[in-house]
Amino acid sequence: MTRMDDLVVIGAGPYGLSIAAHAAGAGLGVRLLGRPMASWRDHMPDGMYLKSEPWSSNLSAPGGRHTLADYCATRGITAEHGTPLPIGTFSSYGMWFARHAAPEVEEVTVTEVTPQGEAFRIRTAEGPPLLARTVALAVGVMPFVNHPEALRELPPGHYSHSSGHRDLSRFAGREVAVLGAGQAALETAALLAENGARPCLVARRSRLNWNTVPQPLERSPLRALRDPHSGLGTGWRSWVWSELPWAVRRLSAPTRERIAATALGPAGAWWLRDRFERRVPVLLGHRLHRAVAVGERTRLGLTTAAGESVVLDTAHVIAATGFTPDLRRLEFLDAGLRAALETVGESATPELSPAFESSWPGLFFAGLLTAPSFGPSMRFVHGAGFTAGRLVKGVRKRLGARGPLPGSTRGARLDRAPAGLPKTYLR
């Protein structure tokens, strides 16, 4: 008889690792599939820094153990308020968390998730199918890469997404147009310049927004009341998004969609501003409307706010244009199941219960796809702390409602992959 797991978590980034840690702590039979910290290890250039404060960048384990501060303390690394932390340090922390707090990660390529009775069948490229009573999709942001429509007809070598680069030194001596106005665009442009490239930032916005230097953690009671700290920044608005995702979910669907689309908009970190402004020219208030390949170069047709046409000739275009959550991008998820899911308003994101369960019983979501349900904190590592415990409580409730199924491994820790299972990337 095929073994039946209580929960299979697909994706091993901060959300997937945190969910698996809580599920294992609750005594569930859980399997964790994916490449640990894949987007952080594989899709961010060398030299990048964590934008959030170290104290708000913890993965979540039962009892609040295995924090970023715990990891740094064992290695003599400074992790303090107001000091940016290298992305490489955060990635290493995630790998340490995976070894100490979560079931062993099975690095397999998930190719199919299909309902099977009251359970789910999960196929991978490497081994026999798995059966699970519940599934949590924590696939991160990479399935949702957003490219401006004008670039999509270009030959692939002419443009890329900011998440497609680990080493920007290959652009040394070349002109690169960077599209966008958020942290990814600003830091990518600065790193390009520091690696010998000649970047130019192109943004639709008329001005760039920069975060201010963070206020000290220890302040007068009046100052703290007027401008509270939160995991997503300083101020009451950020505090609400950070601390009250459950309240956001109670709002109407159109309101939640608007919040997810506009709250905590594009802005650069305070520590990046001087590096950027000294070395990167900008074209603000310029919209991209056309892109044409001319030999090995790319010609961008831009329109100013006044309606004037501008042509920018460049060697390469990097779109730092973020990620668009869309269920249709999850091609491994059974098409009939996808079509049956209730969605938030006009969006292509799942409507979720307070425990992150979709309208399909036993199918749970975490991360970016949940932002239109729970607000902007789900776009950040900080949201993993809110998500993991609640989602696992929802899984336990669902398991209790269904009762035991034949072959269930409930109560067992399935920490290891079957012998001989090869390691590869999560699709």
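A residue counts as buried under 20% relative accessible area, as exposed over 50%, and as partly exposed in between. E80 has a relative accessibility of 43%, so E80 is partly exposed. T370, at 0%, is buried. Both residues belong to a predicted model. The mean pLDDT of this protein is 92.

**Confidence**

- Of the residues, 93% reach a pLDDT of 70 or more.
- The stretch 404-427 is another matter, with a pLDDT below 50.
- This stretch still has 75 contacts in the model beyond near neighbours in sequence.
- Where pLDDT is low, predicted coordinates should not be read in detail.

**Two loop residues**

- E80 sits in the loop that links α3 (68-73) and β4 (85-86).
- Setting aside residues up to four places away in sequence, E80 touches E53 and P54.
- E80 and M95 are 15 residues apart in sequence, and their C-alpha atoms are 20 Å apart in space.
- T370 also lies in a loop, between β19 (363-365) and α12 (371-374).
- Which residues does T370 contact, leaving aside neighbours within four places in sequence? They are L352, F356, F365, G375 and M378.

- Strands of a sheet pair through backbone hydrogen bonds, either parallel or antiparallel.
- Strand β1 (residues 4-10) runs parallel to β2, and four bridges join the two.
- L32 has V105 in β5 as its bridge partner.
- Are the faces of strand β2 (residues 30-33) covered or uncovered? Both are covered.
- V30 and L32 are buried on one side of β2, and R31 and L33 are buried on the other.

**The open sheet of β15, β16 and β17**

- Three strands form this open sheet, in the order β15-β16-β17, and they pair in the antiparallel sense.
- β15 (286-294) and β17 (309-314) are the edge strands. Each has a single partner strand, so one side of each has no neighbour in the sheet.
- On average, neighbouring strands of this sheet are turned by 25° against each other, direction ignored.
- How many bridges join strand β16 (residues 297-304) to β17? There are six.
- L300 stands opposite L312 in β17.
- R299 has D313 in β17 as its bridge partner.
- β16 and β17 form a hairpin with four residues between the strands.
- In this hairpin, G307 takes a positive phi near 90°.

**Helix α7**

- An α-helix has 3.6 residues a turn, so residues three or four places apart point the same way.
- Which residues of helix α7 (residues 236-243) are buried? They are S238, W241 and S242.
- Why do these three lie on the same side of α7? They cover an arc of only 100° around the axis, which puts them there.

Technical notes
Residues numbered from 1 in each chain as written. Predicted model: local features only at pLDDT ≥ 70, side-chain atom pairs only at ≥ 80, totals over all residues. Heavy atoms only, no water. Pairing = 2+ DSSP bridges. Axes fitted to C-alpha atoms, helices over the stretch in contact; angles between N-to-C directions. pLDDT = per-residue confidence, 0-100. Contact = heavy atoms within 4.5 Å. Buried < 20%, exposed > 50% of the residue type's maximum accessible area, 1.4 Å probe, protein only. Arc of directions from axis to C-beta.
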